[in-house]
Amino acid sequence: MLVGPMGVGKTTVGRVLAERLGTGFRDTDTDIVETAGKPISEIFIDEGEPHFRELERRAVRAAVAEHRGVLALGGGAILDEGTRALLADLPVVFLEMGVAEAVKRTGLDAPRPLLAVNPRQRWRELMEQRRPLYTEVARAVVSTEGRTPEDVADAVLDALELKDA
């Protein structure tokens, strides 16, 4: 399972990992979009963040119960105490990056509702709030800075001692 901030590469790295491990890949953000029938940015605008977080809680619970492959969680999924408890005994890796890399990857005009105003400062604030929660659930922390998705996947497999899988 991959956790980390928006734009860190959870989906891209997750697909690489799934291919290497010969298993499926699932992204809870994709599950939410499919269930809601609209993009996450529209859910935030139309129904608000609390509604989105409830959809996210449900999506994570369903994915953990149903999926046996690589799973990428949305950046804020770890905000929910129940979700953190659910992840406690699972092989979770926190993918991390710095603010400069985050701005480069997410872009200032991308549809990221939580970064709409002052993206650099907001990203720092989100990470100050979330970093302790990411590290709480993670067995390992892997930086994505300056690395290809393939290099990050190698580091994840090493960290989880699955390199020869």
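## Annotated binding-site positions

Gly 7 lies in the loop that runs between β1 (2-3) and α1, where helices (H or I, at least four residues) and strands (E, at least two) are DSSP runs numbered from the N terminus. According to UniProt, in an unreviewed entry, the feature "binding site" covers Gly 7, Val 8, Gly 9, Lys 10, Thr 11, Thr 12, Arg 112 and Arg 147; such annotations may be inferred rather than shown by experiment.

The model is predicted, with local features requiring pLDDT of at least 70 and side-chain atom pairs counted only at pLDDT 80 or more, whereas totals for chains, interfaces and linings use all residues. Residues are numbered from 1 along each chain as its sequence is written, and side-chain values use heavy atoms, with hydrogens and water left out.

Thr 11, one of the positions in the UniProt "binding site" annotation, is found in helix α1. Because its relative accessibility is 24%, Thr 11 counts as partly exposed (buried means under 20% relative accessible area, exposed over 50%, and partly exposed in between, with a 1.4 Å probe and protein chains only). Leaving aside neighbours within four places in sequence, Thr 11 is in contact (heavy atoms within 4.5 Å) with Phe 25, Asp 27 and Ala 72.

## Asp 31 in helix α2

Asp 31 is found in helix α2, which spans residues 28-36, and counts as buried because its relative accessibility is 14%. Its side chain makes a polar contact of 2.7 Å with the side chain of Arg 26 (a pair of N or O atoms within 3.5 Å, of which, within protein, one must be able to donate a hydrogen and the other to accept it, and residues adjacent in sequence count only if both atoms are side-chain atoms). Not counting residues up to four places away in sequence, Asp 31 touches Arg 26, Ala 59 and Ala 63.

## The second largest pocket

The second largest pocket has a volume of about 290 Å³. Of the 18 residues that line this pocket, Met 1, Arg 68, Gly 69, Val 70 and Pro 91 are the closest to its centre. A pocket is here an open set of points on a 1 Å grid over the protein atoms alone where a 1.4 Å probe fits, with protein on both sides within 12 Å along at least five of seven lines, and lining residues have an atom within 4 Å of a point.

Notes. Points joined across faces, edges and corners; volume = space filled by probe spheres on them.
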